[in-house]
Amino acid sequence: AGKKQPGEGDAPDKKPDADKQKGDGDAETKSDKGDSDKSEGKEKPGEKKAPHSAEADPTRRADTMASDIKNKTAGGKKLDKATVEQVLRDPDAMRELKKNHPEVWKEFHETRKTIYDAHDTQLKDWIKENVPEAAGKDVEIESFGTPDGVDRDYRAGYTVTDPKTGQKRFIEIKKETWAGKSQEIFAGETGGPTDPKGAAQWSKDHQQLATDQHHAEASVDMADQATVWNPEAGPKGPDGKPTGGWEKTQVEPNVNAVKDGRSTLLDPDGLGKTYETKVAEAYHEGNHLDAYKQADKAVHSLEGVREGYSKQGYGVKDLPPKVEAGMDAIRDVQSGKLKPAQAEARLKELGYSGGLPDFIEKISGQFAGFKWARKG
């Protein structure tokens, strides 16, 4: 899961509702909520047990996956969809597979791409026939991030061409009009349940997120969609000239301008919550490597925002040493110096009793603090 959002390096691969304290306070939080909500080994209807789940180390799970894929693709054979479906259930192992077994990952991705292509073709056809807004339009399904990434956040929309400049713009279609059908199609392509509830869960379990700028995990500062006033649009008045009208269009995500020192955050709280949500979701589902990847994006984004505010003359105080140390632990996971479990121990030594979810709340608070930024 623009131009930039798709490809936005720091955008989460895609907000808890509870209010959190801002800043770097030491208040303990309910970081373990969620584990008790999971069923004790029970599989939902239509689900299969995740592969290699008996092995706790995602690197070893990835090694097992790699061996299996090599055997199945020997002699130039294409990897079967069933194996891809199983691998998609384990995002932590997928990250290790991509990093440590690039040639095997290529085989995996080639088959996964055929699934995505089949999904996209069917969904585009359905949208053209069932969504009035898209009738007669050039409908596209657009993914966020790198094409061969671990998960897939994607949106649907259509392109329009500015008659004056010739520039093409991507206009989103609200996900409520097409997400259910998308989930049904994906489940059908991968052997999952196609009823609405079952297909939605199946898509989530396989790292598929249908989204748009209004999604609960989306931040207005990351949005590349806006409604703008076009004086050349609308019906013609008595003088024969257009009266003007509001139009949806594609714009530069505000966070990019912030990092360049050309703007300030529209919703500092919302940006922080966006990262907080994605980290907490992955962490409480047991995908700790994925959670640290999302945390790394939050850290990198925070650094860019701080630099952007500094360029504009805003007073940006140094981060507390404890926060800096926590950020270093997250970076060390990405560089391979630490395993997630080791980083967890380090964060707890720093006083973040709930580990990564506790720490990411403080990073979220750092984003929220920009609403108080003043030039000085």
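Leaving out residues up to four places away in sequence, Ile363 touches Ala298, Leu302, Val323 and Met327, where contact is taken as heavy atoms within 4.5 Å. This is a predicted model, in which local features need pLDDT of at least 70 and side-chain atom pairs count only at pLDDT 80 or more, while totals for chains, interfaces and linings use all residues. Residues are numbered from 1 along each chain as its sequence is written, and side-chain values use heavy atoms, with hydrogens and water left out.

Ile363 is, with Val305, Tyr309, Leu356 and Phe359, among the residues that touch the most other members of the largest nonpolar core, which has 36 residues. The elements giving two or more residues to this core are α7 (254-259), α8, α9 (288-311), α10 (321-335), α11 (340-349) and α12 (356-368), and the largest share, nine residues, comes from α9. A second, separate core of 21 residues includes Val84, Val87, Tyr116 and Phe186. A nonpolar core here is a set of buried Ala, Val, Leu, Ile, Met, Phe, Trp, Tyr and Cys residues joined through side-chain atoms within 4.5 Å; buried means under 20% relative accessible area, exposed over 50%, and partly exposed in between (1.4 Å probe, protein chains only).

## Helix α8

Of the 17 residues of α8, 15 are buried, so this helix is largely enclosed by the rest of the structure. Helices are DSSP runs (H or I, at least four residues), numbered from the N terminus. After α8 comes Gly286, whose phi is positive, near 90°.

## Glu107

Glu107 lies in helix α4 (residues 102-130) and is partly exposed, with a relative accessible area of 27%. Apart from neighbours within four places in sequence, Glu107 is in contact with Ile69, Thr73, Lys77 and Leu79.
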